[in-house]
Amino acid sequence: MRYGRCMADSTSHVNDIVLKQGMTIPQVGFGTYQIPPEETAERVEQAIEAGYRHIDTAAGYHNEAGVGKAIRRSGLERSDIFVTTKLQNSDHGADRAIEALDNSRRALGLDVIDLYLIHWPVPSKDLFVETWRSMIRMLNTGAVRALGVSNFLPHHLDRLRDETGVTPVILQTEVHPSFSQPDVLSDARNRGMVIEAYSPLGQARDLEDPVILDIAERAGVTAAQAVLAWHMQRGRVVIPKTTSPERMEENLAAAGVSLPETDLEAIDALHSESGRIGAHPDEFE
């Protein structure tokens, strides 16, 4: 198994992406999905020490408390860390959404959440527009700095726009070489939304693709760095998850990798409609 050489500097500067309301988000974040609650504080502390300044969690991950503990232990100013959390599916609805945000703020130990997302649309409940209205009120009170959605499709976004007049600033969704959702991403960009890729490495499946391996070899970087560089050069935020300090540094160093357009187009071409790893947004409960 070969991944190419890791020659990028782990201290490479991570760019900020400007959201349409003017605030910024670091382009590389640390994902905490499936990190056990009892390990979360240690892993997030390691990520912060490595240089991450953007941490992504969710109520449904049950590890917000660990994220908050790591932030407090870091000694950094609150303004130096960008924190995202997400409303879980059981908390859709006007009143439940407000209560859920309060619960997340308490768990994190934070007065203000930088980015708050609806985790899934759950169209079978048909409460995501009502939930969005409550989140707009949260934004107006200053409890959150920005609002976004995760796993929404264009027809879900149409309803938010048409029924509330407010479009999310970010779409967090599954994006990786074998499932890059070009139509969904193009639609979101046309709405002025920033794309944030979760499972950006295809849960490591895409790292064995011969196209990726060839690009990484020629660039003198790892396969993971080549894929993350592709995301970033396409203007996306990425939130790779790892519990290995070495991989944390490797992923962060991808910010210093630059691939030629021909390589970016070769990775673009790997998309397949059958490449989805996670659930379909119209079906997930």
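Helix α2 (residues 64-74) has these buried residues: Glu64, Gly66, Val67, Gly68, Ala70 and Ile71. Here buried means under 20% relative accessible area, exposed means over 50%, and partly exposed lies in between (1.4 Å probe, protein chains only). Helices (H or I, at least four residues) and strands (E, at least two) are DSSP runs, numbered from the N terminus. The cover over the buried residues of α2 includes α1, β4 (54-56), β5 (82-87) and α3. After α2 comes glycine 75, with a positive phi near 80 degrees.

A word about what you are looking at: this is a predicted model, in which local features need pLDDT of at least 70 and side-chain atom pairs count only at pLDDT 80 or more, while totals for chains, interfaces and linings use all residues. Residues are numbered from 1 along each chain as its sequence is written, and side-chain values use heavy atoms, with hydrogens and water left out.

Now look at the partners of α2. Two packed helices are described by the angle between their axes and the distance between the axes. The axes of α1 (residues 37-50) and α2 come within 8 Å and cross at roughly 45 degrees, which makes α1 oblique to α2. Axes are lines fitted to C-alpha atoms, for helices over the stretch in contact, and angles run from 0 to 180 degrees between N-to-C directions. Angles under 35 degrees count as roughly parallel, over 145 as roughly antiparallel, 65 to 115 as roughly perpendicular, and the rest as oblique. From α1, Thr40, Ala41, Val44, Glu45 and Ile48 make the contact, and they meet Gly66, Val67, Lys69, Ala70, Ile71, Arg73 and Ser74 of α2. Contact means heavy atoms within 4.5 Å. By class, the residues of this contact are six nonpolar, three polar and three charged. In this scheme Ala, Val, Leu, Ile, Met, Phe, Trp, Tyr, Cys and Pro count as nonpolar, Asp, Glu, Lys and Arg as charged, and the others, Gly among them, as polar.

Zoom in on alanine 70, a residue of helix α2. Its relative accessible area is 0%, so alanine 70 is buried.

Glycine 235 follows α8 and has a positive phi, near 85 degrees.

Where does histidine 156 sit? Histidine 156 belongs to helix α5 (residues 154-164), and counts as buried because its relative accessibility is 2%. Setting aside residues up to four places away in sequence, histidine 156 touches Pro121, Pro123, Phe128, Pro281 and Asp282. The side chains of histidine 156 and histidine 155 are joined by a polar contact of 3.2 Å. A polar contact is a pair of N or O atoms within 3.5 Å; within protein, one must be able to donate a hydrogen and the other to accept it, and residues adjacent in sequence count only if both atoms are side-chain atoms.

Finally, visit some loops. Glutamine 21 lies in the loop between β1 (16-18) and β2 (24-26), and is partly exposed, with a relative accessible area of 42%. A polar atom of the glutamine 21 side chain lies 2.6 Å from the backbone oxygen of arginine 145, although these two residues are 124 residues apart along the chain. Glutamine 34, in the loop between β3 (30-31) and α1, has a phi near 70 degrees, a positive value in a residue other than glycine. At 58% relative accessibility, glutamine 34 counts as exposed. Alanine 204 is not a glycine either, yet has a positive phi of about 75 degrees; this alanine sits in the loop between β9 and α7.
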